[in-house]
Amino acid sequence: MTQDLDTLLTALYVKIDDELKGPRWTGRPPVLTDSELVCVAVAQSLLGFTSEAHWLRYARKHLTGLFPYLPQQSGYNKRLRAALGLIKRVIRL
């Protein structure tokens, strides 16, 4: 299952990154890009995690090869709220 999940998330990331062209941030670039953030949020939904704390623990344990940096829960929430427009754009795809 891990290889299937890795393949799915890689394909999802490539699709999202192609659609979300161009940097959205001014100043120092974030460690976790917008494309990675949206991909992580979609993976959370696809895998059925309703608790962000449980999701981040799972992702840190099983997805570190794909996403070497994941913010703490408060930073994850803040970035998700700021990226709502991007997430809506990806959902419409």
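Me: Leaving aside its neighbours within four places in sequence, which residues is Ala43 in contact with?

Reply: In this predicted model, Ala43 is in contact with Leu9 and Trp55 once the neighbours within four places in sequence are set aside. Contact here requires heavy atoms within 4.5 Å. Leu9 lies 34 residues from Ala43 along the chain, and the two C-alpha atoms are separated by 7.2 Å.

Me: Why is Ala43 called buried?

Reply: Ala43, a residue of helix α2, has a relative accessible area of 1%. The term buried applies under 20%, and Ala43 is therefore buried.

Me: What makes His54 count as partly exposed?

Reply: His54 is found in helix α3. Its relative accessibility is 45%. Buried residues are under 20% and exposed residues over 50%, with partly exposed in between; His54 therefore counts as partly exposed. The C-alpha atoms of His54 and Gln44, which are 10 residues apart along the chain, are separated by 9.8 Å.

Me: Why are α2 and α4 called roughly perpendicular?

Reply: The axes of α2 (residues 34-46) and α4 (residues 73-82) cross at roughly 105°. Angles of 65 to 115 degrees count as roughly perpendicular, and the two helices are therefore described in that way. Their axes come within 11 Å.

Me: What makes α3 roughly perpendicular to α4?

Reply: The axes of α3 (residues 52-62) and α4 cross at roughly 105° and come within 10 Å. The range for roughly perpendicular is 65 to 115 degrees, so α3 is placed in that class relative to α4. On the α3 side the contact is made by Glu52, Ala53, Trp55 and Leu56, and on the α4 side by Gln73, Tyr76, Asn77 and Leu80. These residues divide into 5 nonpolar, 2 polar and 1 charged.

Me: Which residues of helix α5 are buried, and what puts them on the same side of the helix?

Reply: The buried residues of α5 (residues 84-92) are Leu86, Ile87 and Val90. They cover an arc of only 100° around the axis, and this places them on the same side of α5. As a general rule, an α-helix has 3.6 residues a turn, so residues three or four places apart point the same way.

Me: Which exposed residues does the face of α5 turned away from its buried side carry?

Reply: That face of α5 carries Ile91 and Arg92. Each is called exposed, a term that applies over 50% relative accessible area.

Me: How do you know that the radius of gyration of the protein chain agrees with that of a compact globule?

Reply: With 93 residues, a compact globule would have a radius of gyration near 12 Å; the protein chain has 13 Å, and the two therefore agree. The C-alpha trace spans about 35 × 25 × 20 Å along its principal axes, and 33% of the 93 residues count as buried.

Me: How many helices and strands does the protein chain have, and what share of its contacts with a separation of 6 or more comes from residues 24 or more positions apart?

Reply: The protein chain has 5 helices and 0 strands, and its elements run α-α-α-α-α from the N terminus on. Residues 24 or more positions apart account for 61% of the contacts with a separation of 6 or more.

Methods: Residues numbered from 1 in each chain as written. Predicted model: local features only at pLDDT ≥ 70, side-chain atom pairs only at ≥ 80, totals over all residues. Heavy atoms only, no water. Axes fitted to C-alpha atoms, helices over the stretch in contact; angles between N-to-C directions. Helix = DSSP H or I, 4+ residues; strand = E, 2+ residues; numbered from the N terminus. Parallel < 35°, antiparallel > 145°, perpendicular 65-115°, else oblique. Buried < 20%, exposed > 50% of the residue type's maximum accessible area, 1.4 Å probe, protein only. Arc of directions from axis to C-beta. Rg over C-alpha atoms; globule rule 2.2 N^0.38 Å. Nonpolar A, V, L, I, M, F, W, Y, C, P; charged D, E, K, R; others polar.
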